[in-house]
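Look at the sequence and the model together before reading on.

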Amino acid sequence: MKAPGALGQMRPLGSTGIQVSAVGQGTWAMGAKWGPQDDQESLGTLHHALDLGCQFLDTAQEYGDGRSEQLIGRAFQERGATVPVGTKVPPIDMNWETTPGVTPIREKFPAQYLIDRCEVSLRNLHTECLDVYYLHTWCPSWNEETEWYEAMLKLRKQGKIKGIGISVSDARPAEANGSIQAGRVDVVQMIYNILDQRAATEVFPVAQQHHVGIVARVPLASGALTGTWTPETTFPIDDWRHDVFVGKTLERSLHYIDHLRFLEHGSSNSMAEAAVRFSFSDQAVSSVIPGARSPQEAEWNMQAWQRGPLPEPKLQRIQELWQREFRHFIRTSFYPVT
């Protein structure tokens, strides 16, 4: 498989001046919480994705306590080259829950903490500058506070970061809008997939108006949109899904998937490919970041990139299902903090 070459497959990351591939790669599963994962397999996966043209990697300090960042750093060293990468700094208390008007940002992201943790990511990734440095949780009342933003501006002035980002709640994507309108963020990461399309109407128009990049996470709905689950599906004990996708939740997931079997035919090779293509079919999305744990999975992701956005008839049918079925049953249990 050759690397995609169509100009339309590279997109601006908001107004940062960075160009990224419309399909990047997430690395949460390389760090922890998705069952056993071998580091050599992870490195091979990263190299294969990069060989196939991937031009955006997503990670976080919390993914295996820096493990995923370090793996990316090793891959960069082995290749002697880098690609754009975004990483997320966790709240200092490691508690992602926030309450507007109650939780001050200094309890989650003190200014000096943001500066110190940026240095950790720079060392882990073996780079001199982070393309996007995200807060790994967000609260809309933080728009009224300035210390965190001043710390980010200081890092940008020093050349240690390019883009300022926030990763918003799975349950409340519209909480990004205040920061977008205030001009304080360059990139917002949020859930956007076939089963959860809220961002398209609640956030994308505002982001486009202010030239803010959107990074879409969880395009496969935590694996549900691979189309491979059955009533007998179970997950390893150290996979976060082990205690989530059981009983009624698994049953509901399979019910949704039954409505989407048409995606396995025609212009897509699989439901998973169609799901990834859906998530970058909207031009508001700079990049979608499916995870990959093997070179084969990385190749599937890059193949979705090569095939481009879904055709309009399929997009219309998916949107009809969203209006009629999926939007009435959004549950945050489908999406843990990522």
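This is a predicted model: local features need pLDDT of at least 70, side-chain atom pairs count only at pLDDT 80 or more; totals for chains, interfaces and linings use all residues.

Is glutamate 119 buried, partly exposed or exposed? Glutamate 119 is partly exposed, with a relative accessible area of 24%. Residues are numbered from 1 along each chain as its sequence is written, and side-chain values use heavy atoms, with hydrogens and water left out.

Glutamate 119 has a charged partner. Side chains of opposite charge can pair when their charged atoms come close. Here lysine 160 forms a salt bridge with glutamate 119, with 2.4 Å between the closest N and O atoms. The pair links distant parts of the chain, 41 residues apart: glutamate 119 is in helix H4 (residues 111-125), and lysine 160 is in the loop between helix H5 (147-157) and strand S7 (161-167). Lysine 160 is also partly exposed, at 23%. A salt bridge is counted when a side-chain nitrogen of Lys or Arg is within 4 Å of a carboxyl oxygen of Asp or Glu, and by this rule there are 14 salt bridges. The helices and strands named here are DSSP runs numbered from the N terminus, with helices (H or I) of at least four residues and strands (E) of at least two.

Next comes helix H10 (residues 271-279), which holds both glutamate 273 and arginine 277. These two residues are 4 residues apart, about one turn of the helix. An α-helix has 3.6 residues a turn, so residues three or four places apart point the same way. Glutamate 273 and arginine 277 form a salt bridge, their closest N and O atoms being 3.5 Å apart, and both residues are buried. A network of salt bridges links Glu273, Arg277 and Arg307.

How many of the residues of H10 are buried? The count is 9 of the 9 residues, so H10 is largely enclosed by the rest of the structure. Among the buried residues of H10 are Met271, Val276 and Phe278. The buried residues of H10 pack against strand S9 (213-217), helix H9 (247-258), strand S10 (285-288), H11 and helix H12 (312-324).

The loop between H9 and H10 contains serine 267. Serine 267 is partly exposed, with a relative accessible area of 23%. Leaving aside neighbours within four places in sequence, serine 267 is in contact (heavy atoms within 4.5 Å) with Glu273, Arg277, Arg307, Pro311 and Lys314.

Now turn to empty space. Rolling a probe the size of a water molecule over the atoms shows where empty space is left. A pocket is found on a 1 Å grid over the protein atoms alone, as an open set of points where a 1.4 Å probe fits, with protein on both sides within 12 Å along at least five of seven lines; its lining residues have an atom within 4 Å of a point. The largest pocket holds about 840 Å³ of space, a volume being the space filled by probe spheres set on the points, which are joined across faces, edges and corners. Its lining has 37 residues, and Leu220, Thr226, Gly291, Ala292 and Glu297 lie nearest its centre. Helix H1 (28-31), H10 and helix H11 (295-307) each supply at least two lining residues, and H11 gives the largest share, 5 residues.

Two buried serines remain. Serine 42 lies in helix H2 (residues 39-51) and has a relative accessible area of 0%. Its side chain is joined to that of glutamine 37 by a polar contact of 3.1 Å. A polar contact is a pair of N or O atoms within 3.5 Å; within protein, one must be able to donate a hydrogen and the other to accept it, and residues adjacent in sequence count only if both atoms are side-chain atoms. Serine 68, in helix H3 (residues 67-79), is buried at 0% relative accessibility. A polar atom of the side chain of serine 68 lies 3.1 Å from the backbone nitrogen of glycine 31.

Terms used:
Buried means under 20% relative accessible area, exposed over 50%, partly exposed in between (1.4 Å probe, protein chains only).
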